[in-house]
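Below are some notes on the model, for checking against the coordinates.

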Amino acid sequence: MELKALILRAPGINRDADAALACELAGARPERVHVNRVAEGSVKLADYALLVIPGGFSYGDHLGAGRLLAVDLIHRLGEELERFVADGRPVIGICNGFQVLVKAGLLPGPTRQPPRVTLTTNESCQFECRWVQLEAVSNSRCLFTRGIEHPIEVPVAHGEGRIAVRDQATLDELEAAGLVALRYVGEGYPANPNGSPHNIAGLCNAQGNVLGLMPHPENAVLPHQHPRWTREPSRREGDGLQIFRNAVRYAASL
């Protein structure tokens, strides 16, 4: 049976084609679908095994990065999206998509609870665009990072990627519950491009099937996307592909 991945489109989203390629290389059949088609019912979220909310500047980020698309999802797709997650189907939000998941209450979860986490302006107060190293957190519940046992290299491109928590107890809870999925490798700037505490680069929910991260694994799936590709001819694929491959394998197992 062919496994379908829904790549959600909305005004200002600009990484949907990249995410579609990543899903295709991982073994899924991607379909780029506008949020309005899902909201009006002409496309059913339940017909898909995997949901990707790509990066970009949804609705221009006029009221804060990801906020308007998050409100759109809550009010137009809230119950359908909650069922999708409860069924264990993988959901990944990348960069602006991570901001959407956090502001919609899907990360770190549970939904319909007062927000404990948000994403805010980088500590450097500027847009950060370069390649970084990430490591998977060993005690994480995240299904997307399984089998990643060495640092991976992927690019970042964001201005509002710093994770901010309500208090230290919240940060401790995220760590203890295994909801921290990825960290930036190295201490301080520029290794940590946004100043997130504990070098956090990605969070997951308690089920492990929802992942949000600021870096762009969809732009690190082919060997020639890496800046050192001419000097590393043995590189067969981009490091980010493993994240999508894990999602597709898990979705196929459900």
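1. Contact here means heavy atoms within 4.5 Å. Leaving aside residues up to four places away in sequence, Tyr 250 touches Gly 88, Pro 90, Leu 143 and Arg 146.

2. The model is predicted, so local features need pLDDT of at least 70 and side-chain atom pairs count only at pLDDT 80 or more, while totals for chains, interfaces and linings use all residues. Numbering starts from 1 along each chain as its sequence is written, and side-chain values use heavy atoms, without hydrogens and water.

3. Tyr 250 sits in helix α6 (residues 241-253); helices (H or I, at least four residues) and strands (E, at least two) are DSSP runs numbered from the N terminus.

4. Between Tyr 250 and Cys 129 the C-alpha to C-alpha distance is 31 Å, and they are 121 residues apart in sequence.

5. A cavity is a set of points on a 1 Å grid over the protein atoms alone where a 1.4 Å probe fits but cannot get out, and lining residues have an atom within 4 Å of a point. The lining of the largest cavity includes Leu 6, Val 38, Ile 53 and Leu 81. β1 (4-9), β3 (50-53) and α3 (67-86) each give two or more residues to this lining, and α3 has the largest share, 3 residues.

Methods: 1 Å grid on protein atoms, 1.4 Å probe; cavity = no way out; pocket = protein on both sides within 12 Å on 5 of 7 lines; lining within 4 Å.
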